[in-house]
Amino acid sequence: MKKRRKNKKRMIELNGDIKYTACGEWFPEVYPAYRSKKWSRGDEDPLGTEMRLFCACGRWAFNRLMEGCSREKLKQEGQRVFGLNSRYCDDAILKARAVIESQKELLALEIEDTGTKLARAKKKYRWAAKDLDKAIKANDPARIEKAKRILHGRKARVKKLEDKLAELQDHETNGTIPKVIFGGRSLWRQVCRGKAGREEWRDARQNRLYARGDETKGGNPNMKVAYQEGRFTLAVTISHLSEQKGADSKGRPIMTRAPRVEGELWLPEKHRLKVWGLLLSGAPYNVELIRGRDGRYRVHIAFTMTAPELATDPNRGYLGIDTNPDGVALANVNYSGQPEPWPEGFIVPYPKALHKFAGEFQVIVHPNGFLYIKMPELAYSRSFRRAYLIGVLARVVVDIAKTLGKPIAIEDLGFGKDRLDTHKKFNRMAANFPYRKITEAVARKACKEGVGVKPVRPAHTSTIGYWKYMERYGVTIHHAAALVIARRAIGFKERITKELKQKIQAVIESLNQKANSLPGEGKGMTRKVKQQIKRLGEKVSVHNGLDRYKQESFYSAWHDLKELALSSR
């Protein structure tokens with residue numbers, strides 16, 4: 001119990017407020033009867049004019065902030081230059097400031113990533129130079145030509161990374177940031193190459209409107225969500241159509257009431273109850289309106305809500321989850337670290353929305369507390385389809401954990417940019433493997449449903465499960481890995497079994513016999529391989545207190561030893 005209490009601190013906290021975003025679609029119906037001769041252009045409607053002015057104000061504020069202007073000065077000047085009200089101007093300035101701050105944070109990360117990639121590229125360049133020297137000594141024209149091509153490519157890679165790192169370090173020294181392209185860098189490149197038109201580029205730079213919430217003014221004064229006659233509505237203020245009718249005692253302009261564009265707001269069923277409760281509470285909410293290339297208006301409503309109370313108890317055990325490219329393996333583990341059979345009458349919740357083909361959602365249940373949820377499409381489907389399937393998978397996993405009353409134990413893995421400059425095969429796997437999306441989806445859904453989530457170290461969970469639990473419980477390696485993950489979340493440490501010690505000793509003896517029977521520099525085992533056998537054998541030797549080694553070090557050495565035994569047959 002002491003170990004469990006110690007590791008309980010790493011449980012993801014669910015107390016306090018969590019951020020929630022409801023996505024919907026808006027259908028404007030009622031427009032103002034007149035347009036501004038000063039601000040409108042051509043045949044654009046008042047809403048399009050307001051979005052264009054807001055985006056222009058954001059770009060203008062970004063440039064002025066980079067020059068060192070203050071927020072208050074920009075707020076007053078922005079109202080005069082763009083005709084927006086004070087809240088819209090302030091929102092545009094805050095969005096521009098957020099872009100600058102995020103770019104500064106990303107700059108440090110980019111410098112670190114580029115430095116790591118440069119070190120790897122230089123190492124590969126040295127390897128290529130050695131290969132070229134060996135080819136020249138062997139006087140092999142084909143190998144020399146191939147080595148020269150590889151060396152040339154890796155030299156160019158090193159030069160490119162050195163230039164990029166120097167540029168990023170100059171930005172850091174001077175307190176500047178890399179160039180920001182509003183509208184998207186990829187779209188701008190398409191415009192430069194003639195693959196996209198100027199009209200599409202303009203639409204991408206003037207396609208959104210944002211308004212912060214205010215609790216003292218009914219939630220959001222500029223973009224107001226309401227519930228009327230059994231439907232949600234959204235009213236967007238068109239501030240550039242208001243006119244000055246005087247000034248107050250402090251010289252501030254007094255404006256006429258700005259008209260609004262109103263229309264129905266469609267929300268998915270899963271968001272309606274939460275948004276309705278938000279409107280009843282009068283809490284503030286942020287609204288961002290985005291016009292897509294198809295002319296449809298998407299709405300993002302962001303607000304904070306109180307996290308639900310935990311519906312799971314770690315003292316009952318954990319639901320271990322091992323993520324794979326085509327699904328997840330689950331292990332129902334009790335507080336003593338042993339797999340627990342599924343409760344009587346337990347049924348995996350089947351998502352009714354899936355109806356594409358028969359094998360779209362496969363569940364393989366083992367009565368001793370293991371199951372595998374397989375979605376073959378995860379390995380090859382398009383991004384939007386994969387995102388939907390991941391959401392469905394996360395919901396099923398969280399519902400199972402909530403039914404059992406146990407928190408979820410999951411590996412704290414992350415590929416990120418570490419996969420770059422390593423190996424082509426691993427790069428392809430890591431790029432297609434939706435691991436991070438699955439773990440994030442599970443964590444988000446669990447947070448909303450009051451299910452605890454505990455990330456654990458991922459080192460050698462599959463190897464430990466393979467040698468300790470796969471044969472014992474008659475399950476696959478993925479189920480065994482899920483069991484190890486759950487046991488690690490509880491706080492157990494995996495000791496080395498006697499059976500595994502005997503297997504290790506047999507492998508070491510076999511390798512030593514083969515190493516002693518072959519010449520040191522012959523075609524069989526080279527001297528380097530012999531030294532590797534000796535080193536690994538000493539590291540996992542059963543005569544030197546095997547349990548004193550950390551489990552990661554032991555299983556890593558045992559994995560290398562096993563691979564060496566297979567390759568030397």
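Helices H9 (residues 383-404) and H11 (residues 435-449) come within 8 Å of each other along their axes and cross at roughly 45 degrees, so the two are oblique to each other. Oblique here is what remains once angles under 35 degrees count as roughly parallel, over 145 as roughly antiparallel and 65 to 115 as roughly perpendicular. The axes are lines fitted to C-alpha atoms, for helices over the stretch in contact, with angles running from 0 to 180 degrees between N-to-C directions. Helices (H or I, at least four residues) and strands (E, at least two) are DSSP runs numbered from the N terminus.

A word on the source: this is a predicted model, where local features need pLDDT of at least 70 and side-chain atom pairs count only at pLDDT 80 or more, while totals for chains, interfaces and linings use all residues. Residues are numbered from 1 along each chain as its sequence is written, and side-chain values use heavy atoms, with hydrogens and water left out.

Back to the helix pair. On the H9 side, Ile-390, Leu-393, Ala-394, Arg-395, Val-398 and Lys-402 meet Lys-437, Ile-438, Ala-441, Val-442, Lys-445, Ala-446 and Glu-449 of H11, where contact means heavy atoms within 4.5 Å. Sort these residues and you get eight nonpolar, no polar and five charged.

Now for the sheet. Six strands line up as E12-E13-E11-E10-E14-E15 in an open sheet with mixed pairing; two strands pair if DSSP finds at least two bridges between them. E12 (362-366) and E15 (453-456) stand at the edges with a single partner strand each, so one side of each has no neighbour in the sheet. On average, neighbouring strands are turned by 20 degrees against each other, direction ignored. Inside the sheet, E10 (residues 318-324) and E11 (residues 327-333) run antiparallel and are joined by seven bridges, and Asp-322 stands opposite Ala-329 in E11.

A few single residues are worth a click. Thr-49 sits in helix H2 (residues 46-66) and is buried, at 1% relative accessible area (buried is under 20%, exposed over 50%, partly exposed in between, with a 1.4 Å probe and protein chains only). Leaving aside neighbours within four places in sequence, Thr-49 touches Trp-39, Ser-40, Glu-44 and His-240.

Two loop residues have a positive phi without being glycine. Asn-139, between helices H4 (86-138) and H5 (141-174), has phi near 55 degrees and is exposed at 63%. Glu-229, between strands E3 (223-228) and E4 (231-237), also has phi near 55 degrees and is exposed, at 83% relative accessibility.

Key. Nonpolar A, V, L, I, M, F, W, Y, C, P; charged D, E, K, R; others polar.
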